[in-house]
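Below are some notes on the model, as requested.

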Protein chains: 2
Amino acid sequence: MAKLAASCIVNLVLRVFVFVLLLISLILICTNTTTAKGTDVFAEQDFRFQDVIAYRYMLSSIVIGTAFVLLQLAFTIYNVIAKSEGNLLFDFYGDKIMSYVLATGAASGFGVTNDMQMLFNKLNIFLGDDFYAKSYASASLLLLATVCTAVLSVFSSYALIPKTV
Amino acid sequence: MAKLAASCIVNLVLRVFVFVLLLISLILICTNTTTAKGTDVFAEQDFRFQDVIAYRYMLSSIVIGTAFVLLQLAFTIYNVIAKSEGNLLFDFYGDKIMSYVLATGAASGFGVTNDMQMLFNKLNIFLGDDFYAKSYASASLLLLATVCTAVLSVFSSYALIPKTV
């Protein structure tokens, strides 16, 4: 029973950490706005993160991830208090799918930032270093959250193995 | 024993399918070359897939995935013949990590293609529809391979549960 509670608390700490990472990542990407210089295509208004579809996907993955981690946090707290194992299959598939959602979000964010910076610099369009830096920061935090969720996914796979064996 | 062999054969078929998908994806992305119209920045030579860093990452993930799936194919064939279970932990972590590698490759490919097409069209730079279509096709096949690898990863998680229970 003590072992069960300990693994629940590790789960809890990791999920709180994921939640904090996703929250900072969300704030960073949502506040990412700049002015494009060197072209009149984007001159009428600010160049915002919404102008890049990959960032919209990244935002979606962060929002879905945050909602899921909050749900899982509630379940984990309940399980710690009730000293129950919870729904192991829900954890298993949930963590697995969520880690893919976060991984693809981070990958599309990194991919598009890197190439946009390179191609725009070649074309003499300047968005300012802050825009790229904030995008990278947001994607990096999302990547860290992905790694934590992948670790949680390994835990929830092992949790399927009956304790009596 | 019959049940063990059957699950091995399902594994084998899925891995052969992943190998074929990765191979076609590899050929599509490697042969993706076009000429940029509307700008003189890329005019000196062809616009190749190597000019986009996200495609290079995609290529790396395909190559790593192909090498891994070939290794796993050899192991699975050996296990079917020897009627052994193989190294369950290697399968578990291998499939898990590989599915993340393929998922991030596909996501960066999709993300960059979508936004490059949109931004380049806005800037009146035309790479030709074939270039984008081939990139999408390659990323789609990679995504399908990711889904298959994720299913294999679920199988190899379940394989950790002792059969006697």
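1. The model is predicted. In its second largest pocket, α1(A) is the main contributor to the lining, giving seven residues. Chain A elements that give two or more residues to this lining are α1 (2-30), α2 (53-82), α3 (88-122) and α4 (129-158).

2. The second largest pocket holds about 490 Å³ of space. Its lining is made up of 22 residues, and A:S7, A:N11, A:L88, A:F155 and A:A159 are the closest to the centre. Sorted by class, the lining has nine nonpolar, eight polar and five charged residues.

3. Turning to the interface, 38 residues of chain A contact 38 residues of chain B. The two chains, A and B, bury about 3,100 Å² between them, with 75% of that area on carbon and sulfur atoms. A:Y100, A:L119 and A:L123 account for 17% of the area that chain A buries against chain B, more than any other three residues.

4. Which elements of chain A each supply at least two residues of the side that touches chain B? They are α2, α3 and α4 of chain A. The largest share of that side comes from α3(A), with 19 residues. By class, the side of chain A that touches chain B has 26 nonpolar, eight polar and four charged residues.

Key: Residues are numbered from 1 along each chain as its sequence is written. Chains are lettered from A and ligands numbered from 1 in the order in which they are written. This is a predicted model: local features need pLDDT of at least 70, side-chain atom pairs count only at pLDDT 80 or more; totals for chains, interfaces and linings use all residues. Side-chain values use heavy atoms; hydrogens and water are left out. On a 1 Å grid over the protein atoms alone, a cavity is a set of points where a 1.4 Å probe fits but cannot get out, and a pocket is an open set with protein on both sides within 12 Å along at least five of seven lines; lining residues have an atom within 4 Å of a point. Grid points are joined across faces, edges and corners, and a volume is the space filled by probe spheres set on the points. Helices (H or I, at least four residues) and strands (E, at least two) are DSSP runs, numbered from the N terminus. Ala, Val, Leu, Ile, Met, Phe, Trp, Tyr, Cys and Pro count as nonpolar, Asp, Glu, Lys and Arg as charged, and the others, Gly among them, as polar. Contact means heavy atoms within 4.5 Å. Buried area is the accessible area (1.4 Å probe) that two parts lose on being put together, summed over both.
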